[in-house]
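Here's a quick walk through the charged side-chain pairs in this model. Have the structure open and follow along.

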Amino acid sequence: MSDATLHAHSLDPDSFAVQIADSIESFIVATTEVAKGDEPDSAVPFLLLEVSQLLLTGGRLGAHEDIIPDERYEPDTGPDMDVDDLRMRFATMLEPVDVFSEVFDPYEPRKAPVPCRISDNLADIVLDLRHGLAHYRAGRTSEALWWWQFSYFSNWGPTASATLRALQSLVSHVRLDQPLEELDGLDTDEDLTEDALAEEAGRVMAQEIAGPLGLRTLKP
């Protein structure tokens, strides 16, 4: 039994804090298991489900009134856990479709899309969530909720939303038997315009990634 679960027993299991913490810990455990690569055939659909469920938790945090921590300054949680191994595992697993294009702020007019990586996004999300979980496991419930709410608005919420859009688009392309635009050759540290993205885009047929990533096309 995890530390978070042990701590949760001192709280109402139906309380907002326990539900949020349980959902976040579930996401961390599930994505870490997927990254091991034991069941690559179901990786993408499973990630689609997990990110969708996480964003429901984020929506609850976003709709909640501003959470005020008990202490004025954030207590030290120690060094953040290393997520580089998780990042590399996902990068290897998702190599054919890891890079995608994203517009960070849909309300900023005429903003060109930029290249992102699903593997980077998943690792960054887990890093944010673990930071709050460290507070929760230490018994600092209000601090954990504050952190999760704040970082939902500032980082992991937008990152998870972009990742969900990429995963959903990937599944849709395959299930609808539509060609998938490839961003192979793009680098996430390049400053590329929308025209450059279009020029770099190659053609990858859905059947080339359907099997390895656990997706199936519709029968004609």
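Aspartate 84 and arginine 87 pair up through their side chains in a salt bridge, at 3.8 Å from N to O. A salt bridge here means a side-chain nitrogen of Lys or Arg within 4 Å of a carboxyl oxygen of Asp or Glu. Both residues sit in helix H4 (residues 84-93), three residues apart, about one turn of the helix. Helices are DSSP runs of H or I with at least four residues, numbered from the N terminus.

This is a predicted model, so local features need pLDDT of at least 70 and side-chain atom pairs count only at pLDDT 80 or more, while totals for chains, interfaces and linings use all residues. Residues are numbered from 1 along each chain as its sequence is written, and side-chain values use heavy atoms, leaving out hydrogens and water.

Helix H4 also holds arginine 89 and aspartate 85, four residues apart, again about one turn of the helix. Their side chains form a salt bridge too, at 2.9 Å from N to O. Salt bridges with shared partners link Asp84, Arg87, Asp120 and Asp124 into one network.

Elsewhere, lysine 36 and glutamate 33 meet side chain to side chain in a salt bridge of 2.8 Å, N to O. By this rule, the count is seven salt bridges.

How exposed are these partners? The ones below count as partly exposed, meaning between buried (under 20% relative accessible area) and exposed (over 50%), with a 1.4 Å probe and protein chains only.

| Residue | Relative accessibility |
|---|---|
| Lysine 36 | 41% |
| Glutamate 33 | 40% |
| Aspartate 84 | 42% |
| Arginine 89 | 38% |
| Aspartate 85 | 49% |

Definitions and conventions. Helices (H or I, at least four residues) and strands (E, at least two) are DSSP runs, numbered from the N terminus.
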